[in-house]
Amino acid sequence: MIKNVIFDLGAVLFEWNPKRIVTSFTQSEHEQELLLEQVLSHPDWLSLDRGTMLLAEAIPKFAARTHLSEPRMEDFIEHIQNNLTIIPETEALIHHVLNAGLPAYFLTNMSSAFFEKLNEKHNLYGLFDGGLVSGKELMIKPESEFFSSLIERFSLVPEESLFIDDQVVNVEAANSLGFQVLKFEKPDDSCLEIRKLLKID
């Protein structure tokens, strides 16, 4: 029986489409390619998510690699944050989960700076019963330690908890630890599947 629901944030609650982000930022295909490869797909982005690098450290590195100015890179970071918009189907699902009496948590790979911006805008700590941010914990999915921290912090029983994520590697990691899992794909389809699973139609 599922007694807790754990949501990823990026691409589950918030839109996360790197290609759309870069194409809406610049019409230059060269710049788009640079931003995708040298910023969003670079190991430094992972370091931001892990919390081992701050934005203040990363921005000069991103600028140097892309040959874009630091102010231009700051604009890009702000553009990314502004494009992390709520997926309405998931937001409605979370409210249904909570109204059904099931606690809802989050486990997200995200830099502290990005999370704080989103929390300020959407009151995530108020929406959820709790959660962990990789940038604050210095751990990242799919590392088992990150899942274990969530289990310990909120006294969760993995077998009684549904973990929802868009990345196969994270879903498999959670499943190996005993969580019930669902890979999030299209919001309409996945949210319907989750409702059926939780019997909250």
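1. Helix H1 (residues 18-25) has Ile-21, Val-22 and Phe-25 as its buried residues. Buried means under 20% relative accessible area, exposed over 50% and partly exposed in between, with a 1.4 Å probe and protein chains only. Viewed down the H1 axis, these residues fall within an arc of 90 degrees, so they line one face of the helix. The arc is that of the directions from the helix axis to the C-beta atoms. An α-helix has 3.6 residues a turn, so residues three or four places apart point the same way. The buried residues of H1 pack against helix H2 (29-40) and helix H5 (70-82).

2. On the basis of the model: it is predicted, local features need pLDDT of at least 70, side-chain atom pairs count only at pLDDT 80 or more, and totals for chains, interfaces and linings use all residues. Residues are numbered from 1 along each chain as its sequence is written, and side-chain values use heavy atoms, with hydrogens and water left out. Helices (H or I, at least four residues) and strands (E, at least two) are DSSP runs, numbered from the N terminus.

3. The sheet is open and has five strands, in the order S3-S2-S1-S4-S5, with parallel pairing. Strands S3 (130-133) and S5 (180-183) are the edges, each pairing on one side only. The twist averages 15 degrees from one strand to the next. Two strands pair if DSSP finds at least two bridges between them.

4. Strand S4 (residues 161-165) pairs with S5 in the parallel sense over four bridges. Here Ile-164 stands opposite Leu-182 in S5.

5. Two helices pack on the sheet. Helix H6 (residues 88-99) touches strand S1 (4-7) and strand S2 (104-108), and its direction makes about 160 degrees with that of S1. Helix H11 (residues 168-176) touches S4 and S5, at about 170 degrees to the direction of S5. Axes are lines fitted to C-alpha atoms, for helices over the stretch in contact, and angles run from 0 to 180 degrees between N-to-C directions. Contact means heavy atoms within 4.5 Å.

6. Glu-172 sits in H11. Its relative accessibility is 52%, so Glu-172 counts as exposed. Glu-172 and Phe-76 are 96 residues apart in sequence and 33 Å apart in space, C-alpha to C-alpha.

7. Ile-151 belongs to helix H10 (residues 144-154). Ile-151 is buried, at 19% relative accessible area. Leaving aside neighbours within four places in sequence, Ile-151 is in contact with Leu-156, Pro-158 and Phe-179.
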